[in-house]
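Please open the model in your viewer and keep the selection panel at hand. The stops below are meant to be followed in order.

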Amino acid sequence: MPPVAPPPALPPPVQEQARKADEREQARMADAAKRMARELKRYSSIQLRAASEQIHRAALQCWLGHGASLSAHADAPQLQGALISLLPADLIPAEPSDLSRAALLRLADWLLEHLASAMPASATPRRRRGGAARAAGGSAGGAASNAAASARSLEDALASRSASPLQRLLLLLCVLRGLGLRARLVLCLQPPPLRPLAAGKESAAPPGSGPLHVPMWIEAHLPAERSWLAVDPTPPQRGGFLANFAATATAEVHRVVQARCSGRALASRCYFVGFDDTGCADVTVRYAADVSACEAARTSPDWWGTTLAACTAA
């Protein structure tokens, strides 16, 4: 059988058309692959941002619940009565409105002298059974038992005159409320960032670093001075940190904040929340050096306002 002859070669114009058609098809397929990769990256980024925001919000809800629980420990009538019965007569005002800034400082000093430190201010607390350390965890069903354990630990600390930094903070809050003052427990919160961190970058110091897990102190409203004052009963030196927040934009205003967190951790703290016997309130404007920077790192204002209202109504 004679061999089959090869097909005749295409004319040059037809070859050029076929080559261009093949290049167009390859270019189309490459462009489609790029578009698909961009869409997948965009979808992945959206999902990652959504997950980061959910984690951010969940952390805030956990800390709001924890702050409300700690604040509630200072409302125990028996504990308030026991503390007030120990106060020297010259530290008990006839009316809450009579308590001055100097008297509040003397009250904080008395607490420092009455309660020896059960743990150095520079040490990181260990998790213990019961007490305030356990109040940070647990389910909603165990809230009552955690509250009872913490109340007992505060009573034990008062009886033994040996308290941890957190216990001294709550005991001072308790005695201020027992005297009829408006007093709040202030937490400085740094939840996980809304935007995922780039590869190789580390976040600022986590909330768990420090003697009280998150920076916290007390603010009390003095009617006579028409101002809020911040008190930290666990200072590195005796005498207490006391800052008057009637005046703003001064170095003294942020002294308590800087004593608790500094550097990158201070810059990234974007929620300052005060807890009292009626609920919680956002007090960021009194403590943040750059409120706009705090707001830029926050979640939706509507969600945050609704969550604070729910915490107050609970």
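Predicted model: local features only at pLDDT ≥ 70, side-chain atom pairs only at ≥ 80, totals over all residues.

Residues are numbered from 1 along each chain as its sequence is written, and side-chain values use heavy atoms, with hydrogens and water left out.

Select helix H2 (residues 77-86) together with helix H6 (residues 165-178), whose axes come within 9 Å and cross at roughly 85 degrees. Helices here are DSSP runs of H or I with at least four residues, strands are runs of E with at least two, and both are numbered from the N terminus. Axes are lines fitted to C-alpha atoms over the stretch in contact, with angles running from 0 to 180 degrees between N-to-C directions. H2 and H6 are therefore roughly perpendicular to each other (65 to 115 degrees). Show side chains next: Leu-79, Gln-80, Leu-83 and Ile-84 of H2 meet Leu-171, Cys-174, Val-175, Arg-177 and Gly-178 of H6, where contact means heavy atoms within 4.5 Å.

Move on to Leu-176, which touches Leu-104, Leu-107, Leu-181, Ala-183, Ile-218 and Ala-220, not counting residues up to four places away in sequence.

Finally, select Arg-161, in the loop between helix H5 (143-160) and strand E2 (162-163). Arg-161 has a positive phi of about 55 degrees although it is not a glycine, and at 42% relative accessibility it counts as partly exposed (between buried, under 20% relative accessible area, and exposed, over 50%, with a 1.4 Å probe and protein chains only).

Methods
Parallel < 35°, antiparallel > 145°, perpendicular 65-115°, else oblique.
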